[in-house]
Amino acid sequence: MSLQQIISDRLQHLYDQIGAACRRAGRDPDTVQLMAVSKTHPAEAMAAAYAAGIRIFGENRVQEFQQKSSDLKAFGINIAGTRKDGGDQAEVHLIGHLQSNKAARAVEVFSAVDTVDSLRIAQRLNEAAARLHRQVPILLEIKLSEEPTKTGLLPHSRELADLLERLPAMDHLTLHGLMTVAPLDGNPDTARRCFRNLRQLRDAWAAQYPQLDFSQLSMGMSGDFEIAIEEGSTMVRIGSAIFGQRQGPVKLSA
Ligand SMILES: *Cc1c(COP(=O)(O)O)cnc(C)c1O
């Protein structure tokens, strides 16, 4: 079976599962977007997913994607937001932690940054976007678990409150909502609590900051996306269920 066939079969299966989760939750499947998380996989795999209809990708490293983006061009795929020449386009979102010294490069290569996790990184992105005359869509990453390795803004922190106050004045960033990563302990109840918590925070902040858009909730991965959909996710981030197991940080080229 070709890579194209394998990926398109897996996507069909995923759409069935997403549809079933939406029915359980009484939701319209059109309200849930599927992001294909292509980190560690070559541009060839992204092109196969693209041919099967995927238009939103997630990558977690600036440098890794910078290399892949020129390979994507060779497949005739342009990255939305980063070029003026139109044509066939896909959105590629950054879904990994961003260091402030890479903010400028992130604005050059990504359509959106879904992991804004500090006031400082928001300021850096806004400055970089201004220099490139870009409007960058962002999500705030919220840390809802105790795991020390997780990044994200603490929901009741002063820093988050500051950021929400200042975002309306950051002219080159457009907030669209929140994202989180549930604890990866394999316990569906912990995941559900985490997703529900994010939705409740969203509802509270949307009421408190009516000038900001909180419509997107990016939550749910291969192991927990059905629970996330039941709890209100508007974007599930699926890697291994589409592209297979990741080999780790191997060197990649198409
Ligand atoms: C890798 C990754 C995913 C996808 O994980 P899978 O378990 O392979 O679906 C989703 N979100 C983030 C932030 C990731 O880093």
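Below are legends for a handful of close-up views of this predicted model.

The model is predicted, so local features need pLDDT of at least 70 and side-chain atom pairs count only at pLDDT 80 or more, while totals for chains, interfaces and linings use all residues. Residues are numbered from 1 along each chain as its sequence is written, and side-chain values use heavy atoms, with hydrogens and water left out.

**View 1**
Helix α7 runs over residues 188–208; helices (H or I, at least four residues) and strands (E, at least two) are DSSP runs, numbered from the N terminus. Its 21 residues reach 30 Å from first C-alpha to last, close to the 30 Å expected at 1.5 Å a residue (the expected span being 1.5 Å times one less than the number of residues). Look for Thr190, Ala191, Cys194, Phe195, Leu198, Leu201, Arg202 and Trp205, the buried residues of α7. Here buried means under 20% relative accessible area, exposed over 50%, and partly exposed in between, with a 1.4 Å probe and protein chains only. Seen down the axis of α7, the buried residues fall within an arc of 130 degrees, so they line one face of the helix; the arc is that of the directions from the helix axis to the C-beta atoms. An α-helix has 3.6 residues a turn, so residues three or four places apart point the same way. On the other side of α7, Arg193 and Ala207 are exposed.

**View 2. What sits on α7, and how the helix starts.**
The cover over the buried residues of α7 includes α6 (158–166), β7 (173–179), β8 (216–218) and α8 (225–230); contact means heavy atoms within 4.5 Å. At the N-terminal end, Asn187 caps α7, with a side-chain oxygen 2.8 Å from the backbone nitrogen of Asp189. That is a polar contact: a pair of N or O atoms within 3.5 Å, where within protein one must be able to donate a hydrogen and the other to accept it, and residues adjacent in sequence count only if both atoms are side-chain atoms.

**View 3. The nonpolar cores.**
The largest nonpolar core has 74 residues, and Phe57, Leu140 and Ile142 have the most contacts inside it. Such a core is a set of buried Ala, Val, Leu, Ile, Met, Phe, Trp, Tyr and Cys residues joined through side-chain atoms within 4.5 Å. Helix α2 (residues 43–51) gives the largest share of this core, 7 residues. A second, separate core of 5 residues includes Met35, Ile56, Ile95 and Met235. Leaving out residues up to four places away in sequence, the residues that Ile142 touches include Leu198, Leu201 and Trp205.

**View 4. Helix α1 and Gln4.**
Buried residues in α1 include Ile7, Leu11, Leu14 and Ile18, and what covers the buried residues of this helix includes β1 (33–37), α2 and α8. Gln4 lies in helix α1 and, at 33% relative accessibility, counts as partly exposed. Not counting residues up to four places away in sequence, Gln4 touches Ala48, Ala51 and Ala52. The C-alpha atoms of Gln4 and Ala51 are separated by 7.8 Å, though the two are 47 residues apart along the chain.

**View 5. Around the ligand.**
Residues surrounding the ligand include Val37, Lys39, Ile95, Val181 and Met221, each with a heavy atom within 4 Å of it. A polar side-chain atom of Arg237 lies 2.9 Å from a ligand nitrogen.
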